[in-house]
Amino acid sequence: MSQGTVETCGPEACVPSYIAEETLPYPFCPGCGHTKIASMIDEGLRALALPPERVVVVTDIGCVGLTDRHFSTNAFHGLHGRSITYASGIKLADPDLKVIVVMGDGGTGIGGAHLLAAARRNIGLTVIVANNFNYGMTGGQHSATTPPGAITSTTLLGNLEMPLDLMGTLKPARPGFLARTSVFAGDAVELVTRAVASDGFSLIDIWDLCVAYFAGQNTLTRDSIEQMMADLEMPAGIHHEGTRPEYARAWRDLYLPEEVADEEGMCLLPPDKGLEPVAQSQLTGRTSILIAGSAGQKIRSVATLLGAGAIMSGLLATQKDDYPITVRTGHSAAEIILSPEPITYTGVGTPDIVLILSEDGLAHVKKKLPEYPPATRIYAEEGLGELDTRAQMIRLPLLAKAKEVHRLAVGAVGLGAILAREGLYPPRLSWPPPAACRRPRWPRPTPPGWSRAWSWGSGVAARDVRWRLGRAPVLARATTVRVVG
Amino acid sequence: MIEFLEGNDAVVRAAVEAGCRFFAGYPITPATSILTGMMRALPKVGGVAVQGEDEIASIGLCIGAAMTGKVAMTATSGPGMSLYSENIGLAVMGETPLVIVDVQRQGPATGSATKGADGDIEFLRWGTSGGLPLFVLSPENVRECYTLTREAFVLAERYRTPVVLASQKEVGLTREAVDLQAARDDSPSVFARPLADPEAPYLPHAFHDPADVAPMSPIGGPHLVRYTTSMHDKRALLAKDPALIGEMMEHLARKILAHAEEHALYDLDPQEGADTLLVAYGVTARAAREAVVQVRAAGKKAALLVLKTLFPVPEKAIGEALAGVSRVVVPEMNLGQYVEEVRKLSGDREVVSVAKMNTDLLSPEEIIAQGGLL
């Protein structure tokens, strides 16, 4: 371990500095506040006395992104604005690590979505924002936090944008800790220390002087920083302290409880559905079936059922679906190929069998209907209008029949008709019921500290969802039996 | 055991069985079922699966987790690949093992979200700044969604590199009878990530020969680990010396290229006396196989090379398949991309591109007609 030499003793104990002395001096301009910020982080880490190999300093791009080089901890220097994403991946992979993110105000702009998401999750990162109101490394361009009127190399006559208020923006997410200070404030070290110690998401907005660009061009000084806070109505101090559970551990508590390890537990995965042949199809060549209906009519499920039945009758099958981006409107179609031989090309030029269930389905195949040869059999809901085709028409009261069970069973009724008349494979297949998927043990104990909102919403939802997931294969079987039987 | 699975389902199964324990993704048709599949599958094996706030976050989460010891995967479609671009460069630079599945959809930008194409193929190879090589594999069916995902994890972990599985809607969302046990038997064994000696000092990018690959040490483990997006030396510290930078570039390229031939996966179906060679990949290979059957049934001759490894280009396999033919036909579901890779190796042979990107599959008949095969 290459932890740095002892510099001073902290208030709690004599903990060696996390700054690697041999890497000094820092590469920052004389008078730049970044040097102080590095020392503040060091103080915060020393107060916790963590082993350096359990600490990760993740830096963003910009001058302050050079900081990680000087820490004798793990260090991750990533792309501009994305430091929070790497830090979150690290925390999710190993929730007991202390993960510190060091970024500038530039990172808060380009990576704003990550900042919001991390605060909403309350993932256990400490975000240190060295906020000097401009992009120093690239020559002093304006950033998301540049005050109105400020002169920078990209706001030559004064900034017209309002600055991002990190406290006001993140507070509604109720993360672990939010505070604003400046590199000159007497309580800065204490606040950084508290941010570092925070279990959930913490962010400290440290106002800083960019001596190379912003401070000179805008006559910002140690003394005027406080006035700027007042003018912008962005006061210093602690803006929020919260007790929501830390996300990386909360995720594990919710998704990786003991019972999940138990094979009979949550049934998050449907049991493997092997489709061993239980019958023998007489089909000798490739047969293609086009099912055309409306979105929401369970077209894909019916097609899967048709293919599964074929496989259980010793055939091979492919299923190629076609649907627009809309969900419960428009057409839904599926092309199924059944064959005793391996299927290469999955396209269906001219189908042998067509099942048309609705007006949407009809509209989808309409252009091709005149091209279908007399050998093609079209099974159509009898309520649909005249069809312009030379193909053999079989009109059936599919919808009326379906309504005896449920209108959405129309595809299954059509499938039953096809199986009964076409002899693709035996319409009645029986097989052992699926392996038992026991209902999970509920109610689960509520993890300590969960907010009322969570208990109110997700507790109920998660229980319901899991129950449905567990039951899905069983329901599918039930449908199959009813349809085919 | 025969199952009726979609390609995306097979990717999920393969990932879990390859040891993948971290997944992050963002919903996007036609890749969403990999995200939802991993969310169901990973908790069963103690893994973590989360939805990122966007694609940039998703791949960033994966890179962080991968460097903290997790075997990681993400999945998206073309628009998401565009957002992954910069972070793919980071994974190359930081030598991060990561499997990326691109379930391609038709068109640039949002395109036809629910339709297939192979329009990203050259983008997958050249889709990040710097131009360093990476592996791109292309499955033609559900079985290969399994076997090539398993292969992708081996490549990622063995060479510490991002590996792209170039799937597409017509493979990922096509359901097919498949025996995964047979696919499993045909897959490479799980490659356990080599870890650095915990007692010895750790160099994150160590190599003697440029083609060497350094063992990893997870963040949070026995060593202090450094990682950087910037040009670095073997210690992951900023490098400015052109000689050092040159060596590192050679390392990042050679560790892939020196091993390219041993990972060149393809099927060659030669025919004695054939004058024409078809070179196909992905779902179009299925139509090409059918086309060859029809050509031969008609008494004509044609050879077929189906590529599973697209990049690095399997030059030796293509060169051998080209021997003795004077024409090459390359069908693909784009406006003609990989045909240029084949053309580079074809000398003065006639090279015919059969290209289509209108959301329909290329049919065997189109390949025969436009390729002049009969």
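Colleague: How many helices and strands does chain B have?

Modeller: Chain B has 13 helices and 15 strands. These are DSSP runs numbered from the N terminus, with at least four residues of H or I for a helix and at least two of E for a strand. The model is predicted: local features need pLDDT of at least 70, side-chain atom pairs count only at pLDDT 80 or more, and totals for chains, interfaces and linings use all residues. Residues are numbered from 1 along each chain as its sequence is written, while chains are lettered from A and ligands numbered from 1 in the order in which they are written.

Colleague: What makes the radius of gyration of chain B agree with that of a compact globule?

Modeller: The radius is taken over C-alpha atoms, and the globule rule is 2.2 Å times the number of residues to the power 0.38. For 374 residues a compact globule would come near 21 Å, and chain B has 21 Å, so the two agree. The C-alpha atoms of chain B fill a box of roughly 65 × 45 × 40 Å along the principal axes.

Colleague: Why is B:Val292 called buried?

Modeller: A residue is buried if 20 or more other C-beta atoms, placed from the backbone, lie within 10 Å of its own, exposed if 12 or fewer do, and partly exposed in between. B:Val292 has 26 such atoms within 10 Å and is therefore buried. B:Val292 lies in helix H10 (residues 284-297) of chain B. Buried residues make up 60% of the 374 residues in chain B and 48% of the 485 residues in chain A.

Colleague: Which residues does B:Val292 touch, not counting residues up to four places away in sequence?

Modeller: They are B:Asp269, B:Leu278, B:Ala302 and B:Leu304. Contact requires that the C-beta atoms of two residues, placed from the backbone, lie within 7 Å. B:Ile367 is 75 residues from B:Val292 in sequence, with 9.5 Å between their C-alpha atoms.

Colleague: Which sheet has S8(B) and S1(B) in its strand order?

Modeller: An open sheet of eight strands with mixed pairing, in the order S15(A)-S14(A)-S13(A)-S10(A)-S12(A)-S11(A)-S8(B)-S1(B).

Colleague: What makes S15(A) and S1(B) the edge strands?

Modeller: S15 (392-396) of chain A and S1 (2-6) of chain B each pair on one side only. The twist averages 20° from one strand to the next; axes are lines fitted to C-alpha atoms, for helices over the stretch in contact, and angles run from 0 to 180 degrees between N-to-C directions.

Colleague: How many residues of each chain are in contact between A and B?

Modeller: 56 residues of chain A are in contact with 55 residues of chain B. On the side of chain A, H2(A) gives the largest share, eight residues.

Colleague: How many bridges join S2(A) to S9(B), and in which sense do they run?

Modeller: Three bridges join S2(A) to S9(B), residues 226-228, and the strands run parallel.

Terms used: Pairing = 2+ DSSP bridges.
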